[in-house]
Amino acid sequence: MSNLVRTFKPQAKNFDESIKQLYFSLAADKVGGAARDQAKEYLQDQLSQARTLRNELPERLSDLAPWMHERAAAVGEEYRQYLSVRKGGAPRRFFTNRSHALHFLQAVAPTKLVDGAWLYGLLPRWKDLDYLPLIRTYLEELGDGIAEKNHVVLYKKLLTTHGCEQWRDLDEEHFIQGAIQLCLAHEADQFLPEVIGYNLGYEQLPLHLLITAYELNELGIDPYYFTLHITIDNAATGHAHKALASLQQLQPLVGDAELFYRRVADGYRLNDLGANTMSVIRSFDLEKEVIDVFREKSMVGKNMHSDYCRVGGRTVNDWLSDAEQIPAFLKALEDAGWIVRGEPAEHSRFWRLIQGEHAEMFGVFNEYEQQLLRDWIALPVSSEKGRIPDAGATASRAPSFRMQQRQVAAAKRSGDSKRVQYIGTARSIFRKTHEHEGVDDFTSELRLFEQKLSSLNSEDAVMRTLINMMSPAHHHTKVGLMATRMFSKLIA
Ligand SMILES: [Fe+2]
């Protein structure tokens with residue numbers, strides 16, 4: 001048991017710096033003293049807000065375990081009901097269409113790309129058994145250094161696959177959760193009960209995670225990042241269980257146990273600040289997103305079209321010269337028959353300009369932007385904003401992600417898929433490359449890191465160097481993954 005004598009009490013202050021700026025300075029290669037001072041100030045500010053929210057935790061720490069199990073059972077029951085109404089023909093509850101789901105993936109990216117960060121500050125305590133469950137949780141977030149299991153790598157791949165990489169332009173509120181996690185990462189020494197409380201809140205399995213995974217799969221989007229969290233957060237043996245075990249182990253024997261638990265409850269409520277899954281899902285406005293895409297394209301496109309390209313009597317360059325004209329331009333495209341709303345996108349001439357073998361604007365719109373356009377065109381003008389009326393029916397026609405996977409596996413067995421041949425060729429090239437692996441520009445970073453570790457003459461120095469490379473900024477890089485693998489082995 002640890003004896004935590006708590007003397008530090010966060011004071012409420014008004015934080016008036018940019019949250020985005022703080023997020024990026026704490027996710028940077030090197031985190032300076034000024035950024036850490038801001039982190040403290042920001043956490044104090046956020047905690048004062050968290051304290052105004054309803055405290056869900058039971059009054060006594062001893063009641064936490066049954067409380068957690070009751071909640072997990074209630075979530076299971078709600079999910080069972082969800083599945084039952086869906087089976088009965090109810091439409092999707094979260095995502096009206098595919099672009100809605102992709103918008104969600106992009107909008108929660110600032111949080112997901114620092115997944116697990118709040119536990120980083122515990123790594124220097126690796127010699128203390130009391131912190132091991134939380135350190136193990138952090139290592140599992142990092143996939144123990146295996147890229148295919150590292151949560152940040154997985155999320156990055158998801159964003160890249162679907163062209164959802166423009167998350168840096170999101171509003172400040174989307175960065176609040178990520179900023180809180182990064183602040184906790186760098187200030188664990190002063191906010192340990194809050195880290196434990198935040199972890200307890202984050203690792204409970206919520207209903208929205210189950211529904212998100214189910215509906216992403218329906219829409220043909222890989223749900224693995226989300227299903228992975230359903231299994232690892234479980235209350236019986238997973239991260240939720242470890243979170244509770246750590247809290248029980250770390251409560252003070254000599255210090256003020258009540259104050260400690262109050263601070264745990266404050267940290268728990270930090271999870272409720274800023275944009276969250278439900279607010280992000282509700283905020284989706286298909287029309288606005290399509291207009292924003294065209295506004296952005298107009299910056300480059302306003303000088304790219306020839307004078308022969310005319311819509312509604314005006315040149316396309318003229319339409320695009322002022323971003324404010326975009327809604328009128330889209331209306332003009334509809335009036336001129338370039339876009340036929342309420343019908344599959346393939347029926348529109350404009351769609352054929354961006355998709356197809358001889359598409360003149362091929363490559364202008366990425367996958368996410370094309371999906372927005374496709375859903376917007378298919379949406380009848382009179383429909384409720386952003387909602388396709390037969391969303392459920394649409395799902396039953398489109399192959400789910402798992403169905404697609406089964407189709408690829410079947411194609412592989414029959415050997416008739418060019419895609420599978422390509423994958424096979426890529427794998428054999430990969431194997432050959434590694435057989436002859438030497439020091440070159442691609443591997444020099446790993447070699448240099450190995451050399452650096454070999455030159456160190458104490459265990460502490462080695463562990464410090466590894467921990468530095470396992471920060472939220474580094475752990476998902478090649479060197480960071482290698483450092484994580486080594487750290488995992490050394491503390492096993
Ligand atoms: Fe995670």
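Residues are numbered from 1 along each chain as its sequence is written, and side-chain values use heavy atoms, with hydrogens and water left out. Because the model is predicted, local features need pLDDT of at least 70 and side-chain atom pairs count only at pLDDT 80 or more, while totals for chains, interfaces and linings use all residues.

**Iron site**

The iron ion is held by Asp115 (OD), Glu141 (OE), His151 (ND1) and His229 (NE2) at 2.0 to 2.2 Å. Donors are N, O and S atoms within 2.8 Å of the metal (3.2 Å for Na, K and Ca); water is not among the atoms, so sites may look incomplete. Along the chain, the donors follow the spacing D-x25-E-x9-H-x77-H. Helices (H or I, at least four residues) and strands (E, at least two) are DSSP runs, numbered from the N terminus.

The angles subtended by the 4 donor atoms run from 83 to 161°, which makes the arrangement irregular. Four donors count as tetrahedral if all angles lie between 85 and 135 degrees; four count as square planar and six as octahedral if opposite donors are over 155 degrees apart and all others between 65 and 115; anything else is irregular.

Asp115 is buried at 1% relative accessibility, and His151 is buried at 2%. Buried means under 20% relative accessible area, exposed over 50%, and partly exposed in between (1.4 Å probe, protein chains only).

**Helix α4**

In helix α4 (residues 98–107), 10 of the 10 residues are buried, so the helix is largely enclosed by the rest of the structure. Among them is His100, with a relative accessibility of 5%. His100 and Arg282 are 182 residues apart in sequence, and their C-alpha atoms are 9.7 Å apart.

**Salt bridges**

The structure holds 26 salt bridges, each a side-chain nitrogen of Lys or Arg within 4 Å of a carboxyl oxygen of Asp or Glu.

| Pair | N to O distance |
|---|---|
| Arg51 and Asp266 | 3.0 Å |
| Glu218 and Arg86 | 2.7 Å |
| Lys242 and Glu140 | 3.4 Å |

The salt bridge between Arg51 and Asp266 ties together parts that are 215 residues apart in sequence, since Arg51 lies in the loop between α2 (33–50) and α3 (64–87) and Asp266 in helix α13 (residues 257–269). Arg51 is partly exposed at 33%, whereas Asp266 is buried at 7%.

Glu218 pairs with Arg86 in a salt bridge, which joins helix α10 (residues 207–218) to helix α3 across 132 residues. Glu218 is buried at 13%, and Arg86 is buried at 10%.

Lys242 is bridged to Glu140, linking helix α12 (residues 239–250) with helix α6, 102 residues apart. Lys242 is buried at 17%, while Glu140 is partly exposed at 25%. Salt bridges that share partners also join Arg36, Asp37, Lys40 and Glu187 into one network.

**Cysteines**

The count of disulfides is 0, a disulfide being a pair of cysteine sulfur atoms within 2.5 Å. Cys164 is buried, with a relative accessible area of 0%, and Cys183 is buried at 0%.

**Surface patch**

Met299, Val300 and Met304 make a nonpolar surface patch of about 370 Å². Patches are made of residues with over 30% relative accessible area and no salt bridge, like charges being joined within 9 Å and nonpolar side chains (Val, Leu, Ile, Met, Phe, Trp, Tyr) within 5 Å. Accessible areas come from the Shrake-Rupley method with a 1.4 Å probe; for residues, only the protein chains shown count as cover. Met299 belongs to helix α15 (residues 286–301) and is exposed at 61%.
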